[in-house]
Amino acid sequence: MTTKTTKIFDHDRLHKQLIKKFHVLLGQQGLGQEAKEGILAGYGVEHTNELTLQQLQQVCSSLESNRRNAKTEDKRADMDKWRKRAIAAAFGLASELGYAITMDGAKAMILRATGNEYTFFNKIPQTRLQAIYYGFRRNVKDMNSTVRLAEEMLIEKNRKNTHN
């Protein structure tokens, strides 16, 4: 009799854990009551506790898969953002240096900035893209401040020459 009682207890405990997991996953993905009701309706039930263990496992597995896919999409979007920033910084630096470059030229410039460690632009990891972006931006800022300083020094020198 104890074995049967233990199995029922384990079944009930697992069922409660899966229900809790289901609700946590819904919350993590920002799915509200309407989405929950839609999922339950797909299984022909109105309440979460009416789902079988197998159905709960399916639902939780599906929600976890959605979460993994969303994280992958977030990573892709983040990588695209840093690629675009690095390209924009390459265009900015080239412009400050007086060069007009194409998209391929900007990508080549970024690849060279990696020390030719990478042969394909899309293979450059995010951390390297960030470093290159900030490096290019810093160079543009340094050039701008150096030009301003040189201009100020020339103005001061001209002012002294005109007063003598």
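I began with Arg83, which counts as buried at 14% relative accessibility. My cut-offs for that word: buried is under 20% relative accessible area, exposed is over 50%, and partly exposed lies in between, with a 1.4 Å probe and protein chains only. Before going on, I noted that this is a predicted model, where local features need pLDDT of at least 70 and side-chain atom pairs count only at pLDDT 80 or more, while totals for chains, interfaces and linings use all residues. Residues are numbered from 1 along each chain as its sequence is written, and side-chain values use heavy atoms, with hydrogens and water left out.

**Entry: salt bridges**

I looked up the partner of Arg83 and found Asp80, joined to Arg83 by a salt bridge whose closest N and O atoms are 2.9 Å apart. The rule I used asks for a side-chain nitrogen of Lys or Arg within 4 Å of a carboxyl oxygen of Asp or Glu. With it, I get 4 salt bridges. Asp80 is partly exposed at 38% relative accessible area.

Both Arg83 and Asp80 sit in helix H3, 3 residues apart, or about one turn of the helix. Helices here are DSSP runs of H or I with at least four residues, and strands are runs of E with at least two, numbered from the N terminus. I reminded myself that an α-helix has 3.6 residues a turn, so residues three or four places apart point the same way.

Next I checked Lys81 and Asp78, whose side chains meet in a salt bridge at 3.1 Å, N to O. These two are also in helix H3 and are separated by about one helical turn, being 3 residues apart. Lys81 is partly exposed at 37%, and Asp78 is partly exposed at 26%.

Then came Glu117 and Arg128, a salt bridge with closest N and O atoms 2.7 Å apart. Glu117 lies in the loop between helix H4 (103–113) and H5, and Arg128 in helix H5, so the pair ties together parts 11 residues apart in sequence. Arg128 is partly exposed, with a relative accessible area of 24%.

**Entry: aromatic rings**

How many aromatic pairs are there? I count 3, taking rings of Phe, Tyr and Trp (its six-membered ring) with centres within 6.5 Å; planes under 30 degrees apart are stacked, over 60 edge-to-face, and the rest tilted. Trp82 and Tyr133 are edge-to-face, because their centres are 5.6 Å apart and their planes are at 75°. This pair links distant parts of the chain, with Trp82 in helix H3 and Tyr133 in helix H5 (residues 126–163), 51 residues apart.

Trp82 is buried at 6%, and Tyr133 is buried at 16%. Tyr133 also pairs edge-to-face with Tyr134, with centres 4.9 Å apart and planes at 70°. Tyr134 is partly exposed at 45%.

**Entry: helix H3 itself**

Does its length fit, or what span should I expect? The expected span is 1.5 Å times one less than the number of residues. For the 44 residues of helix H3 (residues 53–96) that gives 64 Å, which agrees with end C-alpha atoms 64 Å apart. Just after H3, Gly98 takes a positive phi of about 90°.
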